[in-house]
Amino acid sequence: MTALTLSTSSAATLRADAIVVGVAKGPKGPVVAPGAEAVDKAFDGKLATVLETLGAGGGEGEVTKLPVLSGLKAPVVLAVGLGDLPAEGDGFDEETLRRAAGSAARALAGTKKAAFALPVEDAESVAAIGEGALLGAYSYATYRNKGVAKKDDKSAPLAEAAILGAKPRDKAFKAAAERAAAVAAEVNRARDLVNIPSNDLNPKTFAAEVQTAAKEFGLKVEVLDEKALLKGGYGGLMGVGQGSATPPRLVRLAYTHPKAAKTLALVGKGITYDSGGISLKPAGHNETMKCDMAGAAAVFAAVVAVARLGLEVNVTGWLALAENMPSGNATRPGDVLKMYSGKTVEVLNTDAEGRLVLADALTRASEENPDAIIDVATLTGAMVLALGNRTFGVMANDDAFRTALYEIAGEVGEQAWPMPLPAELRKSMDTPVADLANMGERMGGGLVAGLFLQEFVGEGITWAHLDIAGPAFHESAPYGYTPKGGTGSSVRTLVRLAERTADGDLG
Ligand code: BES
Ligand code: MN
Ligand code: ZN
């Protein structure tokens with residue numbers, strides 16, 4: 001991954017391949033943002049005019065490259081748009097900086113070292129610029145033949161991002177940069193896992209990845225294989241996974257801190273490929289269904305991030321891994337599964353598989369009586385219809401907890417929105433055949449799925465459900481620090497939740 005460093009060198013004397021400056025949209029044209037004074041000087045104080053001449057206005061995400069003729073060691077200046085100039089006395093908000101750093105880092109692929117001369121006001125701005133740069137520099141090229149000669153590989157991610165104006169020995173700045181590097185590394189881990197095609201990432205190989213990381217970070221890991229799942233009565237996981245040539249797994253990954261007062265359980269949907277099963281999805285555009293394990297990837301990455309940060313909280317990750325395939329062994333519509341909780345479920349649609357694997361994991365997680373359970377899942381197309389491609393839905397059995405998660409997401413720059421669990425929808429899953437069906441009313445399908453999950457949460461346990469079906473996988477053009485493909489959605493929210501819990505800020 002891209003290296004992140006801090007420096008107080010002047011942009012005038014620093015050796016770098018490019019210097020990034022910010023440009024905002026002022027009332028009378030582009031305005032160069034604070035932090036770029038030395039660069040502006042090298043342009044005779046006319047950087048804003050030069051940019052305006054080139055047609056740059058300072059709009060969000062706009063990038064303009066300028067050659068340097070004199071006054072700077074770097075050969076290139078990259079001006080990145082910051083959007084509207086904040087009101088007098090206000091700084092640029094964190095997400096604006098994060099996105100701008102991301103757009104700049106993305107535009108600098110193929111460059112070795114870039115210095116970021118963006119407005120640094122405090123540790124939060126260092127964290128935002130650092131995170132944005134490391135997330136924006138991400139690229140996934142594992143399956144591409146590197147035919148291009150290495151030295152002029154224009155797609156290689158930026159190798160080093162140096163943040164100017166931040167003393168490397170300042171404790172708060174240093175901590176901010178270290179946190180940014182740890183969090184970005186883990187968001188990028190989740191992205192990688194989502195991007196791996198399903199012929200290489202299946203329940204078995206996914207579990208092996210977790211075991212490798214557990215060793216590296218000193219985490220406790222247990223993997224239940226298909227024999228253990230069958231013996232243990234995990235009818236949901238087995239029912240979904242039995243159609244696949246690669247059988248299901250339930251992974252428990254635990255981080256503990258000796259001084260921890262609270263324990264969080266994170267549960268992730270890990271369908272390594274969702275074909276729909278016997279209720280097969282219609283042909284066309286199903287390649288994105290490799291992303292159906294994004295919840296499990298986020299949970300895995302968040303637990304490792306918490307370990308990297310050494311937070312004073314216990315966090316247990318539960319990864320419900322299965323591949324949803326049609327075959328002679330597959331679960332049929334009309335089949336009844338006996339779940340790990342003992343409840344019976346009539347499968348009306350084998351494409352509503354996520355809730356089945358999650359149900360078993362939620363029941364199992366509940367047995368350890370954690371202070372809260374948060375599940376993360378690419379659960380429903382209905383949530384995408386409701387909230388679009390960039391926003392995840394937050395449902396919960398506790399209003400304050402749902403609000404806390406919604407607010408935390410906003411703080412870390414993830415788009416989330418609270419959604420209800422209307423009690424009257426529960427009866428739409430009634431069936432004469434079993435305790436409940438895995439499908440109910442189509443209207444409010446995302447909420448029906450949430451109500452299904454709620455049935456499997458232990459009595460009295462605070463629980464929230466994040467439906468990340470929209471933002472988990474980004475199909476259109478990259479923007480800010482968001483690449484095409486896996487996004488690492490919800491990792492930053494989960495990490496901040498763990499930090500808040502460690503600090504005793506939550507219930
Ligand atoms: N994995 C899908 C949901 C999904 C849709 C994820 C779009 C990412 C993008 C899920 O398993 C599914 O197929 N849900 C069905 C449920 C229905 C059959 C009740 C859906 O949403 O159509
Ligand atoms: Mn499905
Ligand atoms: Zn699915």
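Biologist: First up, is D44 buried or exposed?

Modeller: D44 is exposed, with a relative accessible area of 63%. Keep in mind as we go that this is a predicted model.

Biologist: Where does D44 sit, and what is its phi?

Modeller: D44 is in the loop between helix 1 (37–42) and helix 2 (47–53). Its phi is near 55°, a positive value in a residue other than glycine. For context, most residues other than glycine have a negative phi.

Biologist: And S490, what's its phi?

Modeller: S490 has a positive phi too, about 85°, and is not a glycine either. You'll find S490 in the loop between strand 20 (485–486) and helix 14 (491–502).

Biologist: Great, on to the metals. Which residues coordinate the zinc ion (ligand 3)?

Modeller: The zinc ion (ligand 3) is held by K269 through NZ, D274 and D292 through OD, and E353 through OE, at 2.0 to 2.4 Å. Along the chain, those donor residues follow the spacing K-x4-D-x17-D-x60-E.

Biologist: Why is the arrangement around the zinc ion (ligand 3) called octahedral?

Modeller: The angles among its six donor atoms run from 78 to 174°, and that makes the arrangement octahedral. Ideal angles for six octahedral donors are 90 or 180 degrees.

Biologist: Where do D292 and E353 sit in the fold?

Modeller: D292 is in the loop between strand 10 (263–274) and helix 9 (294–309), while E353 is in the loop between strand 13 (344–346) and helix 10 (354–366), so the pair ties together parts that are 61 residues apart in sequence. D292 is buried, at 2% relative accessibility. E353 is buried as well, at 1%.

Biologist: How about the manganese ion (ligand 2), what are its protein donors?

Modeller: They are D274 (OD), D351 through both O and OD, and E353 (OE), lying 2.0 to 2.2 Å from the manganese ion (ligand 2). The spacing of the donors along the chain is D-x76-D-x1-E. As for D351, its relative accessible area is 23%, so it counts as partly exposed.

Biologist: What's the geometry around the manganese ion (ligand 2)?

Modeller: Irregular, because the six donor atoms subtend angles of 69 to 169°.

Biologist: How far apart are the zinc ion (ligand 3) and the manganese ion (ligand 2), and which residue bridges them?

Modeller: They lie 3.1 Å apart, and D274 is the bridge.

Biologist: Switching to aromatics: how many aromatic pairs turn up in the whole structure?

Modeller: Five. One of them is Y234 with Y340, where the ring centres are 4.1 Å apart and the planes are at 5°, so the pair is stacked. Y234 sits in the loop between helix 7 (226–232) and helix 8 (235–241) and Y340 in the loop between strand 12 (336–338) and strand 13, so the pair ties together parts that are 106 residues apart in sequence. Y234 counts as buried, at 4% relative accessibility. Another pair, F452 and F456, is tilted, at 5.2 Å centre to centre with 35° between the planes.

Biologist: Are F452 and F456 buried or exposed?

Modeller: F452 is buried at 0% relative accessible area, and F456 is buried at 2%.

Biologist: Which ring does the charged end of R390 sit over?

Modeller: That would be the ring of Y479, with the charged end 3.6 Å from the ring centre.

Biologist: Y138 makes me think of N188. What does N188 touch?

Modeller: Beyond residues up to four places away in sequence, N188 touches M1, L134, L135 and Y138. N188 belongs to helix 5 (residues 171–195) and is buried, at 6% relative accessibility.

Biologist: Last one: where is L319, and what is it in contact with?

Modeller: L319 is in strand 11 (residues 314–324), and it is buried at 0% relative accessibility. Leaving aside neighbours within four places in sequence, its contacts include F206, V210, L250, V251 and F300.

Conventions: Residues are numbered from 1 along each chain as its sequence is written. Chains are lettered from A and ligands numbered from 1 in the order in which they are written. This is a predicted model: local features need pLDDT of at least 70, side-chain atom pairs count only at pLDDT 80 or more; totals for chains, interfaces and linings use all residues. Side-chain values use heavy atoms; hydrogens and water are left out. Donors are N, O and S atoms within 2.8 Å of the metal (3.2 Å for Na, K and Ca); water is not among the atoms, so sites may look incomplete. Four donors count as tetrahedral if all angles lie between 85 and 135 degrees; four count as square planar and six as octahedral if opposite donors are over 155 degrees apart and all others between 65 and 115; anything else is irregular. Helices (H or I, at least four residues) and strands (E, at least two) are DSSP runs, numbered from the N terminus. Buried means under 20% relative accessible area, exposed over 50%, partly exposed in between (1.4 Å probe, protein chains only). Contact means heavy atoms within 4.5 Å. Rings of Phe, Tyr and Trp (its six-membered ring) pair if their centres lie within 6.5 Å; planes under 30 degrees apart count as stacked, over 60 as edge-to-face and the rest as tilted. A charge sits over a ring if NZ of Lys or CZ of Arg is within 6 Å of the ring centre and within 35 degrees of the ring normal.
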